[in-house]
Amino acid sequence: MVNDRQPTPQDESLRVATTDDIEVSTYLEIAKEMAGQQPSATEAAVSGAEREAIIVLDFGSQYNLLIARRVRESHVYCELMPHDTPWEKIAPLNPRGFILSGGPSSVYEAGAPLAPSYVYESGLPVLGICYGMQAITKQLGGQVTPGTKREYGHAVLHISRSDTPLFEGLPESTTVWMSHGDKIAEMPQGFSALAYTENSPYAVIGNGKGIYGFQFHPEVVHTPEGRTMLHNFVYHVCGCKGNWTMGNFVNMSMARIKEQVGDGRVISALSGGVDSSVVATLIHRAIGDQLTCIFVNNGLLRREEVERTLKVFKNNMGMNIIYINASDRFLDRLKGVTDPEQKRKIIGEEFIRVFEEEANKIGKVDFLAQGTLYPDVIESVSSVSTASAKIKSHHNVGGLPARMTLKLLEPLRFLFKDEVRLVGTQLGLTEDIVWRQPFPGPGLAIRCIGEVTREKLEILRGADFVLMNEIKKAKLYRQLWQTFCVLTEARSVGVMGDFRTYGYAVAVRAVNSEDAMTADWARLPYDLLARISNRIVNEVPGVNRVVYDITSKPPSTIEWE
Ligand code: XMP
C-alpha cells in the first residue's frame, strides 16, 4: 500500500532549528523558570557621547532582521523595535535615523499599523521600505492603492536624480528586488520621484528633507546595490560616524561585565560551540577567575572534542573549568530508547541535573552567563516563535533550586552570529572554534539511528573523524553549513579480502545552508566522496558500506532524527 510508505507526521517534535549553544542556554533558562528577557535599549552596546543608533521599526516583514544586519555591517549600531515602541525606550540609544520596515499589512485597511508621531516630529531622517514607504505616504498625506497586480521579483531601477545622497556611487540603473501588492497613487506634498522601474514610477521617493521611501527591498541579496544604499542612508543622510566595531564592542562589553558583576561569581556552561566559547572568553577576559565554566561530557560528543576543548580553555587560556564526565549517566538513561524526541528530552533533563549538582558544589554564585544571541531574543511583530520558545514549549525539565537565585549575564544578546564570530576572532580564538559548524545539543544520539549504545557511538565517532579530516583537508569545512555521518540501522553484506562481512551502512551528510531553515545537499567532488568512502570502510571496523545523502531540506531535515 502506497500510504504505508508515506512519511508519518510528527506532532510533538522537539527538533529545533538551532545549535547546541542555544539549546544549552535554553535548558538553563527554562530551569530558572525565567521568561526570555527582551533586550533593553539602555543596555546598548556603545555608550555615552559616542552612542549612535539606527532604529528599525518593525512592521512584520520576514526580512527585518536582515535590515539590522546590513546596517551593522556598515559599522553603525542598529536595533529592531516593534513599530509602536514608545520614545522613552528609543531615546537612550541616541537614534540618528529611523528605518520603517516592510510588512504584510495594507495601509488603507482599518487598524493598519503606522509609525508613531515622534518619527516625523523628531526631525531625524527616515527611510521607509516597502510597507514603510506606504506608511510614510499615508501619514504625510499621499495616497496608496491596491496594485492591479502584485509585483514580485527582480526589476531594473533607473535613477532619475543622481544627486540624491542615497545614490552615491551607484550606476544609473541597477537590479532591485520587489515584493509588493499596494502601490503609491499620489506622493505626499513636497515629495518627488527619485528613481523608477517599469512598473513603479515611484520606486524611490524623497522630500529633500531626509525622508525617503524605497518600494523595493535593499536588504536582500537580490538587490546587489542595496548595501550601498543603506550605507549611504546611514552615513550621508543620518550622518553616522560608524563606531560599531567588534573591537569597540569587546572593550565596552568587558567594562560593563566588570561593572555588573563587581566581585560576584559567575557560572557558565561551556560546550565548545561558538557562542559559549565566545561568552566564556569575553567574561574571562573581564573578570578572570570569578568565572567558573562547567563543561559536561554527555558521552555523545565527537572524538577528541573533550580533549580539544579542555586544551584550549583550561590549558591555554587558564580558565577555571569544571569538567564532568557524565557519559555513564546519560548513556544509562538512553538505554533501550529509540524514539528521537524521547532521546532529546532525556538529554535535556539530564543536562540540567548534572549542571545543577555541579553548580551547587561551587557555593555561592551570583550570575549565570549564557550565549544568547540577538535573533533569539528579538521581539518582533512578525515573530515566528524563536528557537528558545520552541525548546521551552517541549522540554519539561526540572527547575534549578530556588535558593540559586542567579542573575543572567548575556553579553552577546545584541549580536548576530556573524558578529559573534568577529568578536571571537577579536578575542584571539582560533579559526577552529570561531568557524565551528553547528553541532546539535543532543549530539551523536540523534545521529545514531535507533538505540544509542557505546559500541555504535564508537563506530560513528570513527566514521565522523575520517569525514571531518577529509573535508578539512579539502578546505571545504568552513563553506559547508554542516558535515557529519549518520550510523544507520541498515546492515548489509560486503566482502573484504576473502571474507564475507556483515556490517553497518554509514550515511554521509553535507549541506549548504544560510540559517538551517532550508538546506541543499552539497555537490561534493566525486573523488573526495571516493576517498571518504574508502577510508571509512578501511579504517572503521564494523562499517562496510557508505552512502551519500542527496536530499535537501525540505522535504528532509538536516539531521536524520
Ligand atoms: P534539522 O534536522 O531540523 O536541523 O533540519 C536544523 C538545525 O538544528 C540542529 N538541530 C538541533 N540542535 N538540538 C539542537 O541543539 C536539537 O535537538 C537539534 N535538532 C536539530 C541541526 O544540527 C541543524 O543545524
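**Close-up 1. A salt bridge joins Lys472 and Asp432 in the predicted model.** The side chains of Lys472 and Asp432 meet at 3.9 Å, N to O. Lys472 belongs to helix α16 (residues 454-473) and Asp432 to helix α15 (residues 431-434), so the pair ties together parts that are 40 residues apart in sequence. Lys472 counts as partly exposed, at 34% relative accessibility. Asp432 is also partly exposed, with a relative accessible area of 39%.

Close-up 2. An α-helix has 3.6 residues a turn, so residues three or four places apart point the same way. Glu539 has 43% relative accessibility and counts as partly exposed. Arg535, at 21%, counts as partly exposed too.

**Close-up 3. Arg413 and Glu410 meet in a buried salt bridge.** The N to O distance is 2.0 Å. Arg413 is buried, and so is Glu410. The structure holds 32 salt bridges. Elsewhere, a network of salt bridges links Arg329, Arg333, Glu349, Glu350, Arg353 and Glu357.

**Close-up 4. Nine strands make an open sheet with mixed pairing.** The strand order is β2-β1-β3-β4-β9-β8-β7-β5-β6. β2 and β6 (173-186) are the edge strands, each pairing on one side only. From one strand to the next, the twist averages 25 degrees. β3 (residues 95-100) and β4 pair in the parallel sense over three bridges. Phe98 has Val126 in β4 as its bridge partner.

**Close-up 5. Helix α5 packs on the sheet.** The helix touches β3, β4, β5 (143-159), β6, β8 (204-206) and β9 (211-214). The direction of α5 makes about 120 degrees with that of β4. Seven of the nine residues of α5 (residues 131-139) are buried, so the helix is largely enclosed by the rest of the structure. These buried residues are Tyr131, Gly132, Met133, Gln134, Ala135, Ile136 and Thr137.

**Close-up 6. Positive phi angles occur on either side of α5.** Cys130 lies in the loop between β4 (126-129) and α5. Its phi is positive, about 55 degrees, although Cys130 is not a glycine. Cys130 is buried, with a relative accessible area of 6%. Just after α5, Gly141 takes a positive phi of about 100 degrees.

**Close-up 7. His75 has a positive phi in a loop.** The angle is about 70 degrees, although His75 is not a glycine. The loop runs between α2 (64-73) and β2 (78-82). At 39% relative accessibility, His75 counts as partly exposed.

**Close-up 8. Helices α7 and α14 pack at an angle of about 75 degrees.** The axes of α7 (residues 246-261) and α14 (residues 417-426) are 9 Å apart. The two helices are therefore roughly perpendicular to each other. Met246, Gly247, Phe249 and Val250 in α7 meet Glu419, Leu422, Val423 and Gln426 in α14. The residues of this contact divide into five nonpolar, two polar and one charged.

**Close-up 9. Cis peptide bonds join Lys553 to Pro554 and Pro554 to Pro555.** For the bond between Lys553 and Pro554, omega is about -15 degrees. For the bond between Pro554 and Pro555, omega is about 10 degrees. Pro554 lies in the segment after β18 (543-548). Pro555 lies in the segment after β18 as well.

How values were computed:
Residues are numbered from 1 along each chain as its sequence is written. This is a predicted model: local features need pLDDT of at least 70, side-chain atom pairs count only at pLDDT 80 or more; totals for chains, interfaces and linings use all residues. Side-chain values use heavy atoms; hydrogens and water are left out. Axes are lines fitted to C-alpha atoms, for helices over the stretch in contact, and angles run from 0 to 180 degrees between N-to-C directions. Helices (H or I, at least four residues) and strands (E, at least two) are DSSP runs, numbered from the N terminus. Angles under 35 degrees count as roughly parallel, over 145 as roughly antiparallel, 65 to 115 as roughly perpendicular and the rest as oblique. Contact means heavy atoms within 4.5 Å. Ala, Val, Leu, Ile, Met, Phe, Trp, Tyr, Cys and Pro count as nonpolar, Asp, Glu, Lys and Arg as charged, and the others, Gly among them, as polar. Buried means under 20% relative accessible area, exposed over 50%, partly exposed in between (1.4 Å probe, protein chains only). Two strands pair if DSSP finds at least two bridges between them. A salt bridge is a side-chain nitrogen of Lys or Arg within 4 Å of a carboxyl oxygen of Asp or Glu.
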